[in-house]
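Work through the exercises below with the sequence and the structure side by side. Each task is followed by a solution in steps.

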Amino acid sequence: MSERKQILKIRDLSVSFHTANGLVRAVRGLNMDVYKGETVAIVGESGSGKSVTVKEVMGIHTPNEVIEGGSIAFTYDSGSGEKTVDLLTISPHFMQNQLKGKHIAMVFQDPMTSLDPTMTIGKQLMEGMMLHLHLSRKEAAGRAVELLQMVGISDPEKRLKNYPHQLSGGMRQRVVIAIALSCDPDLLICDEPTTALDVTIQARILQLIMDLQKKFNISVIFITHNLGVVAKVADYVNVMYAGKIIETGRTEDVFFDPRHPYTWGLLSSMPDLSGNKEDRLYTIQGNPPNLLNEIKGDAFAPRNPYALEIDFEEEPPMFKINSHHQAATWLLDPRSPKVEMPDQLRRRIEIMKREDASNGGN
Amino acid sequence: MKKYVLKRAAISVITVFVILFLLFMLLNLMPGSPFNNQEKLSPEQIQQMKEFYGLDKPVLQRFFIYLWNMLHGDFGVSYNIQVNMPISDMVFSRLGVTLAIGLQAGILGTLIGLMLGIVAALHRRTVWDSLTTVISVLGVSLPSFVFALLLSYFLGFKYRLFPLLYNSAMPLVSTVLPTIALSMFTIASVARYTRTEMISVMASDYMMLAESKGLPRTKLIVSHVLRNTMISVITVLVPLLVNLMTGSLVVEKAFSVPGLGSLYITAIQSNDYNVVLAISFIYSVMFIAAMLLVDILYGIIDPRIRLAKE
Amino acid sequence: MDDSKFCLCTKEHTEEAEKEYANNSYAKEALYHFVANKGAVISVFVIVIIILLAIIAPILSPYSYKDVQSQFSNLPPRIPGLEQLGVFNGCRDGVNVYAQKSALNQYHFFGTDNLGRDIWTRVWCGTRISLLIAGAAVLIDVFIGVIYGLVSGYFGGKTDIIMQRITEVLSSLPQLVIVTLMLVVMKPGLTNIIIALMITGWINMSRIVRAQVLKYKNQEFVLAARTLGVSNRGIIFKEILPNTLGQIIITFMFSIPNAIFLEAFLAFVGLGVPAPIASLGSMINDGYKSAMTYPYMVMAPVVVLALLMLGFNLFSDGLRDAIDPQMKQT
């Protein structure tokens, strides 16, 4: 394996929101790395801060938001050599005119609402290309046809003149992906791109994203709460809980050797076709903590059946398991009692491993 | 699109017919006779007059006669204001000034309202925004006669910049104050609606996507925000046109403008039923025509309607 | 660090997380948003003060709204206390009109009209009438509109189609034309004005209620109630109505200033309550004729009307933003 090139490095990111009830601490000291040509997934329940994190990367700010600290270093090829900027300190103007669309692109959650209803597909596709790639209208139209073909839309010349309401949800999401890829970005952010779609279409859109990612060797940040999706697309997984990453590692590490009790919970609660029907579907007790309150110790402790006394007092650091696998739980401290993952989950992982091996370990 | 327009137009024609029928019945089923000084008339005289005006026939028959005449431009004659004067003459001589004031106020109000709304939405939480909020709350809350009063007291009476009352010798200058008074509500509503609508467009998912393409702000606003805002603003223009009508009655009375509105008020006060009927009908037709126009306009600019089921 | 802390926790900690969400109730949130809106809070005070004055002022006043005292006509405003400061001192063009008309023992806070009637008393009596007309018309509107909307939306099908055609035709008549015609036919009077306002006022309410019903009628909790065998009436009143209440209240509050305005409009075109009864609209109509010579005659009712309209509009705005934050769209 050649040297991995880091293109995104998030350190200690903290973001809060002013609300009627007080300050909500949505992201609390988040670290994350993205390397060139790799897909990184962020998994977590709704409200865990996944979307907030990527919106900071994308420079989408709301008036009631406060960035309390941290840095987001983004490395890109500016045309005149490699350049690294801190996305939190550059001017909004630079973000808007130099990075967005050109180097960082995004695919949004709901394709039904994310296209301008009053503009043709073609115009929406060509806008960005004419601006960033300095193409003429004709060249842009030609490239738009290619792009639509690439994302699997038949009869692209005709589709260019269509309005969004004339297309199905799956088609619209393909258009959104085409728009995102139109200017060859370095980083593609996908915010739950398949959640709003039918199950049958979900798989095809996922496949499309994976194919295009390989073809153009771009980096992808993939947000989802669906572990099935993660297993399919991601090289690296970040498990997020209450504004923090609590376990991170290569996909096989997190799936086959999970260490954090929350990850155990997530994996156990995943519905599974091959599983034993007598097993009851596992649910994680309780609700995520209210981020309006000061969180003491480990945020997951109140819901954790394996909680230690220390979990309620001291926040666990990241414990290193191997060179890229880390988890934030006191259970990894040498002083803690030895706690193993639940048997049911262990059996499940055995089955997954076997399936994985029979699929050629891919 | 053609089908859509035809369907809309057909519905409008039917509505006009139903409304004419309702108005006619309402005014004709009321007790008494339409003649003002009936106490002084003998029963024979009243009978004679009824025969002269064709009021002795059954209501339904009278309605069809009225409809037939109306289709030929004959709205009957006035009973009281100017006895036996054809109403069509009375109306058409007054329509001009009413339409002039209404159109001026409508255009002025829409333009200023749009400007205020757009500026406020683009500069939220600034002085401009607060100013727009104050103007729109005042404009929506205060009836047009309040503005008419203030304008005529200060600009007309104290500083004598404009004629206090309508002066047929200088028709253009005379319409300035009525136009301003009448446009206040339009300014306020358009500004208010534009602001809210534009803010919601700017917060929409598709704007987030458009922004993520890295387009410069001016381009985003011109090609995405304004276009979508305009489409929704057109929907509120209908109630505003109606309000211009209500307002024109008040404003014409306040400034003694010899228009349709003041004729309507005179007719109401002197119980001149034929005139009331004719003007009520004209108002209704204008209203329905305005709604039809907006529907068609909407069809032209909104692709979701234009391209629906072709 | 204390090594003894590294043992499995046995204490029950789960409820802590549960109760943390409980204290932000909907009502509390709505109240918080409303109180945070300065305009809305001020408007509440303005409305309350105007209503109190409308109730109390005519009782305490030594004058009656219909007492004609032609020898004391056209007196300018004079208020005890303030007259020392040089305002409201009963002077016109530097001459004390009260002394001129040997009425120095009288205090007319807002002056008198051309028949010598006390405007202060008349304005507050007029406010009573205006509020009464608006209140009655709007209450009846709510009643009719809510029932109409509920029935039309809930039963759907042919019932809905017929009921919707009726409202369509009614709403393609300008409200002004209907109200005017009704009064031309029925002759103006307190009851007739209320009836005329009522005839068109309910349409908007029925539309909003219908839309709400359509939104709720196929939701799970309604289906559940139906499966449990709850009657139609039970579903409409116990399941659907409470959910549409917020919208109903907002629409109700917005129709009050509209009704006040329509009443004033009618009075202004000469279809107001008959003399000697006064409403704000009829007083403005009377005062308008002499507005340039005696501006105070028209100013008093205009200011009260303006404050009422502003008050109700701001109050409704605040209420809407508090009850239904989505409608605010910020």
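Two strands pair if DSSP finds at least two bridges between them. Helices (H or I, at least four residues) and strands (E, at least two) are DSSP runs, numbered from the N terminus. This is a predicted model, in which local features need pLDDT of at least 70 and side-chain atom pairs count only at pLDDT 80 or more, while totals for chains, interfaces and linings use all residues. Residues are numbered from 1 along each chain as its sequence is written, and chains are lettered from A and ligands numbered from 1 in the order in which they are written.

**Exercise 1. Strand E8 of chain A**

Task: Determine which strands pair with E8(A), and in which sense.

Solution.
Step 1. Strand E3 (residues 39–43) of chain A pairs with E8(A) in the parallel sense, over five bridges. Within E8(A), Val220(A) is the bridge partner of Thr39(A).
Step 2. Strand E7 (residues 187–191) of chain A also pairs with E8(A) in the parallel sense, over five bridges. Here Leu188(A) has Val220(A) as its bridge partner.
Step 3. Between E7(A) and E8(A) the chain passes through helix H7 (residues 199–216) of chain A, and this β-α-β crossover is right-handed. Right-handed means that, with the strands pointing away from the viewer, the path from the first strand over the helix to the second runs clockwise.

Task: Are the residues of strand E8 (residues 219–224) of chain A buried or exposed?

Solution.
Step 1. A residue is buried if 20 or more other C-beta atoms lie within 10 Å of its own, exposed if 12 or fewer, and partly exposed in between, with C-beta atoms placed from the backbone.
Step 2. By this count, six of the six residues of E8(A) are buried.
Step 3. In a regular strand the side chains alternate between the two faces of the sheet. Ser219(A), Ile221(A) and Ile223(A) point one way from E8(A), whereas Val220(A), Phe222(A) and Thr224(A) point the other way.

**Exercise 2. The sheet of chain A**

Task: Find the strand order of the open sheet of eight strands in chain A, and its edge strands.

Solution.
Step 1. The order is E6-E7-E8-E3-E9-E10-E12-E11 (chain A), with mixed pairing.
Step 2. Strand E6 (104–107) and strand E11 (319–320) of chain A each pair on one side only and are the edge strands.
Step 3. E11(A) is joined by two bridges to strand E12 (residues 326–327) of chain A, and the two run antiparallel. Opposite Phe319(A) stands Ala327(A) in E12(A).

**Exercise 3. The domains of chain A**

Task: Describe how domain 1 and domain 2 of chain A meet.

Solution.
Step 1. An automatic or database domain assignment supplies the bounds: domain 1 is 6–234 and domain 2 is 252–358.
Step 2. The centres of the two domains, taken over C-alpha atoms, are 30 Å apart.
Step 3. Twelve residues from domain 1 of chain A and seven residues from domain 2 of chain A form the contact; two residues are in contact if their C-beta atoms, placed from the backbone, lie within 7 Å.
Step 4. On the side of domain 1 of chain A that touches domain 2 of chain A, strand E2 (22–35) and helix H8 (227–233) of chain A give two or more residues. E2(A) gives the most, with four residues.

**Exercise 4. Chain B and its contact with chain C**

Task: What is the secondary structure of chain B, and which helix gives the most to the side that touches chain C?

Solution.
Step 1. Chain B has 13 helices and zero strands.
Step 2. Of its 310 residues, 40% count as buried. Its C-alpha atoms fill a box of roughly 85 × 60 × 30 Å, taken along the principal axes.
Step 3. 36 residues of chain B are in contact with 31 residues of chain C. Among the helices that each supply at least two residues of the chain B side are H1 (2–28) and H12 (273–301) of chain B. H12(B) gives the most, with seven residues.

**Exercise 5. The nonpolar cores**

Task: Which residues have the most contacts inside the largest nonpolar core?

Solution.
Step 1. A nonpolar core is a set of buried Ala, Val, Leu, Ile, Met, Phe, Trp, Tyr and Cys residues joined through C-beta atoms within 7 Å.
Step 2. The largest has 143 residues, and Ala148(B) and Leu197(C) have the most contacts inside it. Helix H12 (residues 295–323) of chain C gives the most to this core, with 16 residues.
Step 3. A second, separate core of 96 residues includes Leu8(A), Ala105(A), Leu115(A) and Ile209(A).
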